[in-house]
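Thanks for coming, everyone. Please take a look at the structure on the screen, and then I will walk you through a few parts of it.

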Amino acid sequence: MASVWWQHGVVYQIYPRSFQDTDGDGVGDLTGIHQRLDYLSWLGIDAIWISPIFPSPMADFGYDVSDYCGIDPLFGSLADFDALVAAAHARNIKVILDFVPNHTSDHHPWFIKSRASRDNPKRDWYIWRDGKAGGAPPNNWVSQFGGPAWTPDAATGQFYLHSFLAQQPDLNWRNPDVRTAMYDALRFWLDRGVDGFRVDVLWLLIKDAALRDNPPNPAYVPAQAGINRFLSLYNADQPETLDVVAEMRAVLDRYSDRVLIGEIYLPLERLVAYYGKDLRGAQLPFNFQLINAAWTAPVVAKLVAEYEAALPPGGWPNWVLGNHDQPRIAARVGAAQARIAAMLLLTLRGTPTMYYADELGLGRVVIPPAAVQDPWEKNEPGLALGRDPSRTPMQWDAGVNAGFSSGPPWLPLDTNYRSDNVEALRGDPASLLTLYRHLLELRRQHTALNSGSFRLVGVEGNVLMYDRVAADERIVVVLNFGDSAQGVSIAEKFSGAAVLASTHTPRHIELGALTLQPNEGLVLLVS
Ligand code: GLC
């Protein structure tokens, strides 16, 4: 393998509150992740990205950081963290942290100072403005979680900007001291052996210098989240953001073999700009296109082709099916197609990111109203925006609380946990978990899959076909996105093919007359 780990490897996202609890408080912790490393080794992933574990009042469950250089006691201690990194590295698993630079918690000492007086040296570390006449906010920007993005502060009579909750004030990334402090935080973790960062809302960091009003969105309908009322022209994706990304990358480049991943929800042509000039930006600007795409072979074929074509020369692709902010893949496409999705994710060209428990086929877990935790759901109820249904505890076994915790879990378990858990599924040759593990193994073993070229072979009806080629091997992937059987005329060309993987096991193909069963996917080694 000529490529580096973050190119040929597979990233697995852990939402730490929900992975494994060891102290009975119903919330996962670092020792829990540590104890489950053997599972992750067995599964065959290469890196874990852990959602935020830093001290936080947890208004947004860790995405409101009050100290960038510590561990929240809920999750453990710095010693637990160091032990986890050492144990992960001993198993050849890299550790990626979640860096949240756009905003701090309102409990962060920087913000406490900043709000104290207009002439405090930290005042300009955040974005403060006078309101308009009559007490209206400085401009029309909307919080990503609904309501105005500005909150008035009585102490100094000005408003501060918050792209998310009022408890998450935005830092002023135009201030060089903010940048220095945040790069110091990156170095704190890099020095402790962290292998990279997933950077939260990277495209939102810099705001229009004049804080101009956003134009109305003509396509907005009230069933949508409030953030859609306006086009994000002035509060997002400003040209200066790319300078910040290059600076972050330069911090990482002083260390060997680290990766910068960016959370970026932008159209393709803007997304690829985050690779940076001469690829000096994010190595992996997260590619979320599969998350909102209509799940058909023609649509997926088109978006894969467009993405491949839009990449800058040398830019490495990546693919994401879900995360802690999105409905789970099995909830979006159903159990049968979740198997196709697994095969797609792990055979496309580029780094795949898996989301914990997707390998068990978890879907949309029903959260009773009294159990709702997500502040977005609480801010904008009734729009089905809540993210709790995708954040429920990992299901390890059929025992008490699915082996997640000895105490009541912070979010309810899926009712299916007695059958759909790691212990039950790992012994079942037909399970989704077994399929994931097999695909991960194939991806590791075959250079064509982890580093080879990609070519769209074609689309027939609802079947997508592509190949992956390395010097000495050609692998063809055939995916039926539909729930009816479909013949594939191109099959003659695959003569001599061996089935490396199938969503339907056991499976033998008849050469020259390949008919895919409903929802069937095949990975074929073609000589
Ligand atoms: C990102 C995170 C999300 C969080 C938000 C604010 O989108 O993924 O969970 O609520 O940023 O930090």
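**A walk through the model**

Buried here means under 20% relative accessible area, with exposed over 50% and partly exposed in between, using a 1.4 Å probe and protein chains only.

A word on the source. This is a predicted model, in which local features need pLDDT of at least 70, side-chain atom pairs count only at pLDDT 80 or more, and totals for chains, interfaces and linings use all residues. Residues are numbered from 1 along each chain as its sequence is written, and side-chain values use heavy atoms, with hydrogens and water left out.

**Rings**

How many aromatic pairs does a search of the whole structure find? It finds 29. Rings of Phe, Tyr and Trp (its six-membered ring) pair if their centres lie within 6.5 Å; planes under 30 degrees apart are stacked, over 60 edge-to-face, and the rest tilted.

Take Phe-81 and Trp-189. Their ring centres are 5.1 Å apart and their planes sit at 80°, so this pair is edge-to-face. The pair links distant parts of the chain: Phe-81 is in helix H4 (residues 78-90) and Trp-189 in helix H6 (residues 176-191), 108 residues apart. Helices (H or I, at least four residues) and strands (E, at least two) are DSSP runs, numbered from the N terminus. Both Phe-81 and Trp-189 are buried.

Now back to Trp-128 and Tyr-160. With ring centres 5.5 Å apart and planes at 65°, the pair is edge-to-face. Again distant parts of the chain are linked: Trp-128 belongs to strand E4 and Tyr-160 to strand E6, 32 residues apart.

Ring pairs also build a cluster. Its members are Tyr-12, Phe-19, Tyr-39, Trp-42, Tyr-355, Tyr-356 and Trp-396. Trp-396 has a further neighbour: Arg-36 lies over its face, at 3.8 Å from the ring centre. Arg-17 lies over the face of Trp-410, at 4.2 Å from the ring centre. The test for a charge over a ring is NZ of Lys or CZ of Arg within 6 Å of the ring centre and within 35 degrees of the ring normal.

**Strands**

E4 and E6 bring us to a sheet. In which order do its three strands run? The order is E4-E6-E5, in an open sheet with antiparallel pairing. Strand E4 (128-129) and strand E5 (150-153) are the edges, each pairing on one side only. Two strands pair if DSSP finds at least two bridges between them. E4 and strand E6 (residues 158-161) have two bridges. Arg-129 has Phe-159 in E6 as its bridge partner.

Next, strand E18 (residues 521-526). Five of its six residues are buried, so E18 is largely enclosed by the rest of the structure. Strand E14 (residues 473-480) pairs with E18 in the antiparallel sense, over six bridges. There, Val-477 stands opposite Val-523. Strand E16 (residues 498-502) also pairs antiparallel with E18, over four bridges. Ser-502 has Leu-522 in E18 as its bridge partner.

**Pockets**

The largest pocket has a volume of about 1,200 Å³. It is lined by 41 residues, and nearest its centre are Gln-144, Ile-227, Tyr-265, Gln-326 and Trp-376. The lining divides into 21 nonpolar, 11 polar and nine charged residues.

The second largest pocket has a volume of about 220 Å³. Its lining includes Tyr-265, Phe-286 and Phe-288. Helix H8 (268-271) and helix H9 (289-292) each supply at least two lining residues. This lining has nine nonpolar, three polar and no charged residues.

Terms, quickly. On a 1 Å grid over the protein atoms alone, a pocket is an open set of points where a 1.4 Å probe fits, with protein on both sides within 12 Å along at least five of seven lines; lining residues have an atom within 4 Å of a point. A volume is the space filled by probe spheres set on the points, which are joined across faces, edges and corners. Ala, Val, Leu, Ile, Met, Phe, Trp, Tyr, Cys and Pro count as nonpolar, Asp, Glu, Lys and Arg as charged, and the others, Gly among them, as polar.

**Backbone**

Most residues other than glycine have a negative phi. Met-58 has a positive phi, near 70°. Met-58 is in the loop between strand E2 (47-50) and H4, and counts as buried at 13% relative accessibility. Asn-401 also has a positive phi, near 50°. Asn-401 lies in the loop between helix H13 (375-379) and helix H14 (422-426), buried at a relative accessible area of 17%.
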